[in-house]
Amino acid sequence: MQPEALMLYKLIVLYILDRVDFPMTNSQLADFITEKEYTNYFNVQQVLNELVDDGYISLQEAAKNSYLYRITKDGKETLSFFYKNISRNIRDDIDMFLTEKQYALREEVSNIADYYESKTNEYVCELKVIERDTVIIEIRLTVPTEDNAKTICAHWRQNNADIYAYVINVLLSNGSAPGGEDRS
């Protein structure tokens, strides 16, 4: 890969991460860059790895095998020096993409549902809602089958707000369950 192209791809990633106030996943970054045909998936992976190694972006684990990228102070400083190396058309593409998709992107990284097989041949579901780097709710469930785990993860993504509201309601009530049943 040409050094100029590599630098441009790095600047694109830094620009994207600088324009949002939440971390993004590998797939969110790669999907945008490859869909716009700026480069291919393998180059995006190289760019992400080099940016992490150089300290321009940070990597945090969201769930098992799920990571989030965020621009660092050094990344912001570097972007400020080389901002003009990103063409106006590319910046406009990124800005339009983020304007149209920002809510969906934020929602995707805020609601985490993952599972893995435990040593006891059961499946552990890790379910979280994160808002502005704060874990709002985190649930870990052990279920007997992978199908159960997949179903729970899918339902979490669709119903996490209702589940959170239900849990808060039950835990803050004075001993009575929703529906008026007394639990004392």
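Contact here means heavy atoms within 4.5 Å. The views show a predicted model, in which local features need pLDDT of at least 70, side-chain atom pairs count only at pLDDT 80 or more, and totals for chains, interfaces and linings use all residues. Residues are numbered from 1 along each chain as its sequence is written, and side-chain values use heavy atoms, with hydrogens and water left out.

**View 1. Surroundings of Leu-17.** Apart from neighbours within four places in sequence, Leu-17 is in contact with Met-24, Leu-29, Ile-57, Tyr-69, Arg-70 and Ile-71.

**View 2. The largest nonpolar core.** A nonpolar core is a set of buried Ala, Val, Leu, Ile, Met, Phe, Trp, Tyr and Cys residues joined through side-chain atoms within 4.5 Å; buried means under 20% relative accessible area, exposed over 50%, and partly exposed in between (1.4 Å probe, protein chains only). The largest such core holds 36 residues, of which Val-13, Ile-16, Leu-17, Met-24, Leu-29, Ile-33 and Ile-94 touch the most other members. Two or more residues come from each of α1 (3-18), α2 (26-35), α3 (41-53), β2 (57-63), β3 (66-71) and α5 (88-110). Helices (H or I, at least four residues) and strands (E, at least two) are DSSP runs, numbered from the N terminus. The greatest share, nine residues, is given by α1. A second, separate core has 10 residues, among them Cys-125, Ile-137, Cys-153 and Trp-156.

**View 3. The buried residues of helix α2.** In α2, Asn-26, Gln-28, Leu-29, Ala-30, Phe-32 and Ile-33 are buried. These buried residues pack against α1, β1 (24-25), α3, β3 and α5. Glu-37, which follows α2, has a positive phi, near 60°.

**View 4. Asn-26 in helix α2.** Asn-26 lies in α2 and counts as buried because its relative accessibility is 19%. Beyond neighbours within four places in sequence, Asn-26 is in contact with Tyr-41, Gln-45, Leu-48, Tyr-67 and Tyr-69.

**View 5. The crossing of α2 and α5.** The axes of these two helices come within 12 Å and cross at roughly 155°. Axes are lines fitted to C-alpha atoms, for helices over the stretch in contact, and angles run from 0 to 180 degrees between N-to-C directions. α2 is therefore roughly antiparallel to α5, a term for angles over 145 degrees. The contact involves Ser-27, Gln-28 and Phe-32 of α2, together with Asp-93, Ile-94, Phe-97, Leu-105, Glu-108 and Val-109 of α5. Five of the contact residues are nonpolar, two polar and two charged; Ala, Val, Leu, Ile, Met, Phe, Trp, Tyr, Cys and Pro count as nonpolar, Asp, Glu, Lys and Arg as charged, and the others, Gly among them, as polar.

How values were computed: Parallel < 35°, antiparallel > 145°, perpendicular 65-115°, else oblique.
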